[in-house]
Amino acid sequence: MQKSLHTPGYRLFCKILRETRMDAEVSQTELAKRLGVGQDFVSKCERGVRRLDAVELREWCFALGVPFSEFVVELDRTLPKLKHRG
């Protein structure tokens, strides 16, 4: 499995991340305050410069008032299905 910031799937993840923030009508600056980080951190995550792990993503969703499970369901619905190697 390719683990990169430059895969089509990760770019789509970043797009959904950004859209989720914008749908919540929260600026990057406000989200950064809620997360206790700098605005540049939020920007880097949304641009795909910095990866988010699952724990950070959960905190991000909480800060936006979006259930983590709903974000994951939307991501799963949107990402192309991958074939499992066996």
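Is Cys45 buried or exposed? Select Cys45 to begin the tour: its relative accessibility is 1%, so Cys45 counts as buried. Here, buried means under 20% relative accessible area, exposed means over 50%, and partly exposed is in between, with a 1.4 Å probe and protein chains only.

Before you go on, a word about what is on your screen. This is a predicted model, in which local features need pLDDT of at least 70 and side-chain atom pairs count only at pLDDT 80 or more, while totals for chains, interfaces and linings use all residues. Residues are numbered from 1 along each chain as its sequence is written, and side-chain values use heavy atoms, with hydrogens and water left out.

**Stop one: two cysteines**

A disulfide is a pair of cysteine sulfur atoms within 2.5 Å, and the structure holds zero of them.

**Stop two: the rings**

Next, select Tyr10 and Phe13. Both lie in helix α1 (residues 8-23), three residues apart, which is about one turn of the helix. Helices are DSSP runs of H or I with at least four residues, strands are runs of E with at least two, and both are numbered from the N terminus.

How many aromatic pairs does the structure hold? There are two. Tyr10 and Phe13 form a tilted one, 5.1 Å centre to centre with 40° between the planes. Rings of Phe, Tyr and Trp (its six-membered ring) pair if their centres lie within 6.5 Å; planes under 30 degrees apart count as stacked, over 60 as edge-to-face and the rest as tilted.

Tyr10 is buried at 8% relative accessible area, and Phe13 is buried at 7%. Phe13 and Phe71 form an edge-to-face pair, 5.9 Å centre to centre with 90° between the planes. This pair links distant parts of the chain: Phe13 is in helix α1 and Phe71 in helix α5, 58 residues apart. Phe71 is buried as well, at 4% relative accessibility. Show the three rings together, and you see the cluster of Tyr10, Phe13 and Phe71 that the ring pairs link.

**Stop three: along helix α5**

Finally, select Arg77 in helix α5 (residues 68-78). Arg77 counts as exposed, at 59% relative accessibility.
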